[in-house]
Amino acid sequence: MKTMNTSMGSEVAGGKPVPLPDLWIGPVHVGFPVVQAALSGYSDMAMRVIARRMGASYALCEVVLDQFVLQGRGKQKRLWAQISPEEHPVGGQLMGAEPREFAAAAKELVQVGYDVVDINFGCPVKKVLGKCRGGYHLGQPEVALEIVARVRDAVPPEVPVTVKMRRGIDDSPESEEKFFRILDGAFALGVAAVTIHARTVMQKYEGPAQWDFLRRVKQHVGSRTVLGSGDLFTAEACLRMIRTTGVDGVTVARGAIGNPWIFQQVRALAQGKPLPPPPSVLEQRRVIEEHFRLAAQIYGPQQCCRQMRKFCIKYSRLHPEGETVRDAFVRVRRLEDVQEVLKRFYSEDRPGRYAPDRPEENHGRACQQARAQMAHSSG
Ligand SMILES: Cc1cc2nc3c(=O)[nH]c(=O)nc-3n(C[C@H](O)[C@H](O)[C@H](O)COP(=O)(O)O)c2cc1C
């Protein structure tokens, strides 16, 4: 039975914050409605645990191919099957082409401990689309809905199934009609929530996300649960998306890479408090080291450097000497190099900087690399 719990508020009315309703995903109580998005190449157990410790109330594992799940591949499994006891509820996300394989893989995700199974209908990578996966399904509602139906049937009724979509393949009226067919059909089949990245598949990451589309979707579905995604780079933006579109929750994606403090900040703002100062240099070091310790549990103490290097480059944006620290992290190869950078730049406590409020120029390239990595590993 749902209770009317609330997290503290978003708008200040007469000096008092107006409470934000708690987020529920079906029977799963999430609470504060700002969560960590699925991020291929990033949202492994280490990133998720850091996000949760910093205030995210739910996090999704990066997308995994249904075939990899079914084959239980060693290196891949290390990634998607690693769940920490402290991160429940946690969501696992699947991508694939064949409805039957989706269903079998969904059961396996539940078996390894995921509390929610999310279906990816959004990935825009060319190679993924070429294999009729991810965003490709937005162009074929019948297949998309067969996937939803089979996954919903396959997992126990108490485990919510959710869908991640973009706002369509492109800007055509046909694409929008298909979007709404999948959206309505998915809810009719029993999905507990839909997350919408307010860009089209063709748009990839170019140009702004259309928040107005989220408002239309929320109005269309009424009390059904909708989460919004797109251009959430600051705590203020998270609250603004909730307030202006009416979505039930938001998923922070690029904005949380190397800036997990965004979750603390948004909680403070929601309680009507001022935006907390950016984390000091020693606080940044504490979190970077914690992140390393968690990553070492997945990849091993030396191998985790490769995974952590890209995070450290993002963490460096918060350092008062951001550009110099970035260059130093770019050059690290071994754990000893990282320790050297931390000793050199993170030993003296100084005020930090806020992360940029928009995607960086070079982020497209970094994302492309991460997605290329994923496309490569997905065969
Ligand atoms: C590097 C990268 C990897 C991503 N991987 C996934 C993924 O595995 N699953 C998913 O549903 N979305 C994925 N996304 C999309 C994000 O979850 C999010 O919807 C998108 O980045 C828009 O939000 P933003 O503009 O705030 O970053 C990825 C995005 C990026 C940049």
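The questions and answers below go through the domains and some backbone features of this structure.

Biologist: What are the bounds of domain 1 and domain 2, and how many Å separate their centres?
Modeller: This is a predicted model, in which local features need pLDDT of at least 70 and side-chain atom pairs count only at pLDDT 80 or more, while totals for chains, interfaces and linings use all residues. Residues are numbered from 1 along each chain as its sequence is written. With bounds that come from an automatic or database domain assignment, the chain is divided into domain 1 (6-276) and domain 2 (281-353). Taken over C-alpha atoms, their centres are separated by 28 Å.

Biologist: Which helix gives the most to the side of domain 1 that touches domain 2?
Modeller: Counting two residues as in contact if their C-beta atoms, placed from the backbone, lie within 7 Å, the contact takes 11 residues from domain 1 and 11 residues from domain 2. Helices (H or I, at least four residues) and strands (E, at least two) are DSSP runs, numbered from the N terminus. With four residues, the helix that gives the most to this side of domain 1 is α1 (residues 45-53).

Biologist: Is Asp231 buried or exposed?
Modeller: Asp231 lies in the loop between β11 (225-229) and α9 (235-245), and its phi is near 65°, a positive value in a residue other than glycine. A residue is buried if 20 or more other C-beta atoms lie within 10 Å of its own, exposed if 12 or fewer, and partly exposed in between, with C-beta atoms placed from the backbone. Because Asp231 has 23 other C-beta atoms within 10 Å, it is buried.
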